Amino acid sequence: MVLDFKSDKQKIVLTCSITTGVVALLVLMGWQFNIAILKSVLPGFLSMKPNAAICFGLVSVALFCLRFDDVSQTKKLIGFSALAGVLLICVLTLAEYLWNIDFGIDELLFVDRDISKYTAFQPGRLAPVTGLCFCLLSIGAFLNFSKNKLHRVGQAMYFIILIISIQAMLNYFFGINNSFGIPFYIRMPLHTVALFVVSCIGFLFIHPHKGLMTIITAEGLGGRTARRLLVPAVCIPAFVHWLQYKGINLGLFDENFGAVLKIMGNIVLFSIIIWRNAAIIHDADIQRIDSDSAKLLSDKHLQEVNEKLPQLMFAISPEGSVTYVNQLWTSYTGKTLKDMQRQNFNFSDFHADEVEVALKQWQEACASGKLFDNILRLRRADEVYRWHLLRTFPLKNEKNEIIKWIATCSDVDDRKRAQLSEDRAREENLVNVAILNSEARFKAIFNSALGSIISIDREGKFVDWNKHAETMFGWTKEEILGKKMSETIIPADLRQGHQNGMQHYEATGHGPILNKMVEVEAIRRSGERFPIQLSVAPVKLSNTTIFTAFIVDITERKKIEHLKNEFISIVSHELRTPLTSIRGSLGLVASGAMGEVSTKAKMLIDIAHSNSERLSRLINDILDIEKIESGGMTFNNVNIDLNDVVYEAVEAHASFAEKYKVKFKVIGNIPHSQINGDQDRLMQVFANLLSNAAKFSPEGANIEIGAKEYESSVHIWIQDFGPGIPEEFKTRIFGKFTQADSSDTRQKDGTGLGLNISRAIIEKLQGRIWFESEVGKGTKFIFELPLHSEEHLVNPAIKKTHSFESSKSILLIPKVLHVEDDCDVAKIVTNIVGSSCEVTSAVDIYDARQKLAEKHFDLAVLDLKLPDGSALDLIWLIKDRLPECKIIVFSAFEINDTRLNVVDCILVKSRTSNSQLFTQVSRLLGIKNQNVKLPA
Amino acid sequence: MNIKKLKKIMYVEDEIDIQIVAKLALEDIAGFEVEICSSGMEALLKVASINPDLILLDAMMPGMDGPTTLKELRNLEVSRNIPVIFLTAKVQGPDVEKFKSYGALDVLSKPFDPLSLGKSILALWNKIP
């Protein structure tokens, strides 16, 4: 048991004071109201004299006032006055006894009516021993407060009082009435004795750390032992003796045996107490041995060592509180151990920037028990931070438990600062170089751009203006910055539109001209209006948006366009006008309607006539090509019956058959399918295909024309049985000015533009055209047109949203080009996708190019490694030729190439199952796979 | 079907060569009666006296061009209802639509086939309701 005597002391003293005071008060009340039990506690016992009660009252007051360490002067005065009163009363009383005088103080207040039968002295007078005790008590208290070592004498007096009191008490227990044989020894009343004990204890505890009390209140083993032994030392002999006495009195045993029992009792009880205490001391010893290392490194030891080290040092308990700081620490940081102990160690003396990280590492170190190094900024007493290496390491006992953390701080400021500035310099240098580079690059581009680059803010004011803009518009950068765009380069009639556009962007974040190429007009400083091509990009900055425009002056281009249009007009009119006369005249003469000419003249006239016709066709074709390329070809689409159009075409071009002596033969029934198209343009396609077929057929041969309706499209074909298209010519067949094979001896008139125009027309009608040809056997041209569906006419919007599905999967059977040199893989892939698509296989790049020239494809599946090169080269060809065609790369290797970015899907052979391939194909073609059987 | 028989055609054309060829083709081959005017102005002056069933009009002529001539013809009481067909080298898509919008019956292109020109005109004539 360890008492906290600092606070308990006052409680003990206070308790003693109150007990004494209350009992004294009760006794006085007993005297006042003549209540025997209050005066003597037990009937027949001695009563406490009024003066004794008064003295105890004064003692109580003294205890109450003097119970604090640092008593105020007033309280001290009251306390000591009370004690002086006690002393006065008792000295007078003792004097009465000694010299047999009566000062009249004995019955001053109350008269003792039941005169003691034990005393021969004045009734109501204090017993001499009581008076003596009070004298000792008050003198002892004075001595205890003295500054020199007289307090020991004071304490001795208390012990004398205690011995007297205990003796008096024992007298009661053993029924002894007279002792010492002294004539004026008078027994003290029981409660007087008790109050002496109580007040003695009270006075002793006013100074718990003085003299003899030191050992009693010590926290160490000595104190504990003393406290433990003192009470039994008093109680055991008394108890054992009392037992013996009672036993003899009751006749349980005789005196001799009683003595034996008493000795045995003492032996047993003391042995038990000694054993117990020995055990406590033994445990403490073991504990001390256990924490030997701790002892060695006790704060005292540390202090000795650490005060001699040049480092800042402190110790932290495993719980986290600082238990020690060295002198250097205090002088450096200005923090004493007390300051540090206000809270658990939390890096509060280090720079706030590093505390969070350091705390985390510290917690980790605490958990793992490992050394913890950190370079942190430590705050000096003058608030200056310097970099320190903080090293914290644990000290462990034999059980590997951490008993203490030792922390040292070494100043590494110079080194750290040098390193930091070096790092910063390097970093800044890098950043600067990067900024300079990119700025310089940007500036170079900005100012050397072949177009104007200008920027405006959200209010429409210029914030950027490059060199080119200066020449283009006539304002220098300095002049224009800050001016409004709408008041400078935008023509008056376009300003409102510009305002609306800006407002629209503010409101919605979208602009009709943003990120697009648009052609508008602008004005120069001179007021000259000129056409520009413009693209505007909004640039979102941190707090605002600017609009950057790239502007190209297209005055020259417009002039050239105008010239071209003029040229076209000249071609169309000025060439045709004379041709009209020539052709008309020759036609009339050749017809014979103008009279007979000689045979030779007729022959020449015929030549001239047919060439004039050819020339006029050529002019028409050139104009058509121009129209297609400039997007000027208009289509007047109407609903057409396929049967009608086929028969009409065959009839209208019967003259070709006649001329080349061939027969047009319609095969099978031509379905009355409804298609949507321009009648004239379709006839143009028929004209080209039929005339080609006629031209390239031997005399007397048939030319077969057929058509078939599919689920969502119709196929129309024209088959000749001519020489076929030579391999090397196949790729160019739909090109411009591609005339028949030069080795062919037969004269074939034609412009070489027909198939090119036909393909353009068919594609405009959302169809496609291709051919199948075998040298020596003939050629079959096939074109496919989507069936007219109600959807097309009723709601064009719907058609648009489903354009992919409708044009690719519903209307037509998807066409797949598979480029693969391994025949087995080719077969497998054909099996996988062939159930829902038409698969064309190519074995190498050359083959693939030809197939691409002949046919339209919806999907290309490419093996990259081919005998004649890499299929990467095909990707661009496909994207250029068939922009809608999807591409799957199905390769044995994984290849990284930017060209693969445009590819829709990349599959690696070894990692792709048949079903995965099929899924990808279906996904890209938009095929629903319910009706398709997947080959095993 | 036009119940009236097409007999007399007035042809407005500045090129003399074409005038001759067309006249031969339409008279000798097709059997119509053809009166020639060499300019739009001449056509306006003569249309009352000629009183044709149909007018064949060139588009690009010096002075008054075809479309202007057509407009002026429509302003005259005598020629207001006479059908007009353009015979022109300018047969780009937008032009055809433009000519039709001026009130022309149709557009035939140059160079023409002299043997079938009459048939083409008659076919258009017969389509007039």
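Trainee: What makes F314(A) and F345(A) buried or exposed?

Mentor: Here, buried means under 20% relative accessible area, exposed over 50%, partly exposed in between (1.4 Å probe, protein chains only). F314(A) falls in the buried class, and F345(A) does too. Keep in mind that this is a predicted model, where local features need pLDDT of at least 70, side-chain atom pairs count only at pLDDT 80 or more, and totals for chains, interfaces and linings use all residues. Residues are numbered from 1 along each chain as its sequence is written, chains are lettered from A and ligands numbered from 1 in the order in which they are written, and side-chain values use heavy atoms, with hydrogens and water left out.

Trainee: Why is the pair of W362(A) and F372(A) called tilted?

Mentor: Rings of Phe, Tyr and Trp (its six-membered ring) pair if their centres lie within 6.5 Å; planes under 30 degrees apart count as stacked, over 60 as edge-to-face and the rest as tilted. The centres of W362(A) and F372(A) are 6.1 Å apart and the planes sit at 40°, so tilted it is. Both residues, W362(A) and F372(A), are buried as well.

Trainee: How do you know that the charged end of K780(A) sits over the ring of W717(A)?

Mentor: The rule asks for NZ of Lys or CZ of Arg within 6 Å of the ring centre and within 35 degrees of the ring normal. The charged end of K780(A) is 4.8 Å from the centre of the W717(A) ring and counts as sitting over it. Likewise, the charged end of K416(A) sits over the ring of W387(A), at 5.0 Å from its centre.
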